Amino acid sequence: MHGRVEPVRPAISRWNDAVSVDQDLEHEFEARLLESSTLAFRVAFGVLRHREDAEDVAQEAFAKAYRSFRQLRDRDRFRAWLVRMTWRLALDRKRSDRRRLAREDVVAVNPTTAIDSTDAHERSTLLWNAIDALSEKLRVVVVLAGIEGHDIREVAALLELPEGTVKSRLFLARQQLKDALSWMVENQRKA
Amino acid sequence: MDGRKPAEGVTDAALEREIEAALAVDPSPEFVAKIRARVASEPAPASWWHLRWPVLATAAVAAVVVAMVALSWQSGHPELVIARNARDIALAPAPQAIARPSEVASANVAAPTRRVSTAGRRGRSPSTNEGESGASEVLISRDEQRAFAMLVTAVQEGRFQRALAPTANAPEASAEPMDISIPPLVIEPLPQIAALGGEEQ
């Protein structure tokens, strides 16, 4: 203000400013989309393990993010919000779509299929079964830590949790996974 | 995990590699284009004003409504206004007392005054008092209330007759019947008609 009255700007000027701000927002959103689309997809895939469903859920999460993008312009905040929203949407989709049994790469519980498949497929099946057996709090930590090589600090930032909490959850999750996997491998060998 | 053997040959590093490999799934090449198309069908992100103007408008309308209701409520219930002034409280009779003067004449004037002040102090609505007393409110202007209180006081102190005496005597004096003298009516035949009647005969 500098102690003087500013002249009233014409409406067309304000309109141009608004358009400029909107263009800036569009550019920022495009940047977020390019850097976070795979992250959102993998988070959804970690829950659904179905490529098309994961893509649908990630799209929905981005659409929601776009609607609220003025409050999510900060990069870290955007990624954290996107991860949590995608995870929640994926869980909703999974719960509401119990009838769908077909999985793209992994059959959930089908020992016969696992035995007949290749080793890699077999290991993947066992691993996903073990991850599914984890509680939701542990599962989200394991999935996020397994995506894009996130370390504990990054997972804590994405979940907006203390690093100590993430560390202890990750430790517990890995212990449970190792136990479950060894037990499953043994059972499979016996069979 | 109870009753199971501990993990054999599964190290943290191996487990991490397995998990990363299981999650290393890339979306289809059209994935970003699909998101763009989905986002394009969405309305543009709302601006600050667009986000908040409904809230502001609602708050403003609510404030105006509350103010109007408060004003109309106060103007429609003068006893609440009277209750704010201690001097007026002493003069204000209860609505029931105004509605039934015969009861008021035998009642203490101070009792209804306490009732009105209590209603004002508690901030209750008049309907609450109606519910408690079971009588309907009678709305009378402040001047009439004051005049009526003075009248009741005058009746109780026996000044009523003296106050009314000068005005009551004057009409009595003028109300006495006056003698009216009405002259007797005399009917006389018109001279022309008498003359005509005499010619015809």
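Helices are DSSP runs of H or I with at least four residues, strands are runs of E with at least two, and both are numbered from the N terminus.

This is a predicted model: local features need pLDDT of at least 70, side-chain atom pairs count only at pLDDT 80 or more, and totals for chains, interfaces and linings use all residues. Residues are numbered from 1 along each chain as its sequence is written, while chains are lettered from A and ligands numbered from 1 in the order in which they are written.

Stay on the pair. Now show the side chains at the contact. From H6(A), pick Val140(A), Val141(A), Leu144(A) and Ala145(A). From H7(A), pick Val155(A), Leu158(A) and Leu159(A). Two residues are in contact if their C-beta atoms, placed from the backbone, lie within 7 Å. Color by class: 7 are nonpolar, none polar and none charged. Ala, Val, Leu, Ile, Met, Phe, Trp, Tyr, Cys and Pro count as nonpolar, Asp, Glu, Lys and Arg as charged, and the others, Gly among them, as polar.

Next, select H6(A) alone. Of its 11 residues, 8 are buried (20 or more other C-beta atoms within 10 Å of a residue's own; exposed is 12 or fewer, partly exposed in between). Among them are Leu138(A), Val142(A), Val143(A) and Gly146(A). Step just past the helix to Glu148(A), which has a positive phi of about 55°.

Zoom out to chain A. It has 8 helices and 0 strands. Of its 191 residues, 34% count as buried.

Finally, bring in chain B. Here 38 residues of chain A are in contact with 29 residues of chain B. Select H1 (11-48), H2 (51-67), H5 (119-132), H6 (136-146) and H8 (163-190) of chain A: each supplies at least two residues of the side that touches chain B. The largest share, 11 residues, comes from H1(A). By class, that side of chain A has 19 nonpolar, 8 polar and 11 charged residues.
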